[in-house]
Amino acid sequence: KREQQMRYSIVMPVYNVQNYLKDSVSDIKKQSFSDFELILVDDCATDSSGKLCDELAKSDRRIQVLHLAKNGGLSNARNQGMAVANGEYILFLDPDDRYDVRLLEQIEKSLEKNSAKIVLFGLTEEYYDQNGKIEYTKQITPKQGYFDSKQNVRDQVLSLECQTLFGYAWNKAYQLTYLRQLGVQFKKITMIEDVLFNIEVFRTIDSCNQIAKPLYRYAIRKKGSLTTKYLPDYFELHEKRVESMCQLYQDWDMETPEELKSLGSIYCRYFLSALQRNCSSAAKMSHSGRKKWVKKQFRSATYQKLKTFLYPDNRLLKLLAWGIRTEKAEFCLIMGRGIYIVKEKCPGIFSRLKQN
């Protein structure tokens, strides 16, 4: 136990990341603001990550290691780290990404202006090719702001979700006492554990700072990434994400046609992603199977709720939205196949298309 409370606790779940961990920890050790603790949570790694954690802890007294008795996954590792954290604010950083060495300093400067319960910052998406080289990068930053009331914070949420900045846990610093008062924990739900956590955290929040700088480097790699791996329930998970956002706006009494149109655009984005994923060999779906899948979505409650609001601004999504609204299953399948071919043959173009 530490005698004095730290300013920041950084929780980093570690599982089979021996090739990346040292660089990630190096970025933490080099932080220009030095009042922090780093908690490495070894989730029973089967490579040398666990041993590397111990070596890194010996190199810096601010680093401690939790070796879990059994593998419990990302959410459990974060929860275990949060339980022993001693900071005023807590960050959940990933061990295969990189961070600006002024990350904590920038957070601290924003808190001097507004002592918010959350500080949210921008990121750079780094797309790697099969050989581990960066082939494309994209910066995503929020609007700079210091929001000090429930309504002011709530007015930002959907915009952040449309920018893909709301859902992540790793681009935020959370006030630890606030999390503990809420009793909020990460749930074990693949792909959407972060967004469900944030929905609960933002539900009653009354202050949030946004830093318009890309302080986090998010690595998107071809091998082993959940963003590229086939998941049978990919669309159902993201449909739950959209439903949860709808419910949040209902609870806030803020569900307007404008909000539903934004959620409809997000729905179309996931629909298109699911269509192209269903074309992969891992999906083991025939053309008729994919057609049945599309028709099944046309009967869902989420589709029925959003059907009249599917008018996205993006040109590619506009085409798809027309096909979804008019229930043209074959047209949707053609679009999905086209995007799949682009992804397989020209991954660089696909990355740009996806983000634009």
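Ring pairs join Tyr 99, Tyr 168, Trp 170, Tyr 216 and Tyr 218 into a cluster. Rings of Phe, Tyr and Trp (its six-membered ring) are paired if their centres lie within 6.5 Å; planes under 30 degrees apart count as stacked, over 60 as edge-to-face and the rest as tilted. This is a predicted model, in which local features need pLDDT of at least 70 and side-chain atom pairs count only at pLDDT 80 or more, while totals for chains, interfaces and linings use all residues. Residues are numbered from 1 along each chain as its sequence is written, and side-chain values use heavy atoms, with hydrogens and water left out.

A pair of aromatic rings is described by the distance of the centres and the angle of the planes. The structure holds 22 aromatic pairs. In one of them, Trp 170 and Tyr 216 are stacked, at 4.3 Å centre to centre and with 15° between the planes. Trp 170 lies in the loop between α5 (150-162) and β9 (172-175) and Tyr 216 in strand β10 (residues 208-220), so this pair ties together parts that are 46 residues apart in sequence. Helices (H or I, at least four residues) and strands (E, at least two) are DSSP runs, numbered from the N terminus. Trp 170 and Tyr 216 are both buried, where buried means under 20% relative accessible area, exposed over 50% and partly exposed in between (1.4 Å probe, protein chains only).

Phe 235 and Phe 271 form an edge-to-face pair, 5.5 Å centre to centre with 80° between the planes. Because Phe 235 lies in helix α8 (residues 234-251) and Phe 271 in helix α9 (residues 257-277), the pair ties together parts that are 36 residues apart in sequence. Phe 235 is buried, at 2% relative accessible area, and Phe 271 is buried at 0%.

The buried residues of α5 are Val 153, Arg 154, Gln 156, Val 157, Leu 158, Leu 160 and Glu 161. After α5 comes Thr 164, with a positive phi near 65°.

Rings also meet charges. A charge sits over a ring if NZ of Lys or CZ of Arg is within 6 Å of the ring centre and within 35 degrees of the ring normal. The charged end of Lys 117 sits over the ring of Tyr 178, 5.6 Å from its centre. Arg 325 lies over the face of Tyr 311, at 3.9 Å from the ring centre.

Helix α12 (residues 315-325) packs with helix α13 (residues 329-345) at an angle of about 150°, their axes 8 Å apart. Axes are lines fitted to C-alpha atoms, for helices over the stretch in contact, and angles run from 0 to 180 degrees between N-to-C directions. The two helices, α12 and α13, are therefore roughly antiparallel, a label for angles over 145 degrees; under 35 is roughly parallel, 65 to 115 roughly perpendicular and the rest oblique. The contact (heavy atoms within 4.5 Å) includes Leu 316 and Trp 322 of α12 and Phe 331 and Cys 332 of α13.

As for the cysteines, the whole structure has zero disulfides, a disulfide being a pair of cysteine sulfur atoms within 2.5 Å. Cys 279 is in no disulfide, and the nearest cysteine sulfur, that of Cys 332, is 12 Å away.
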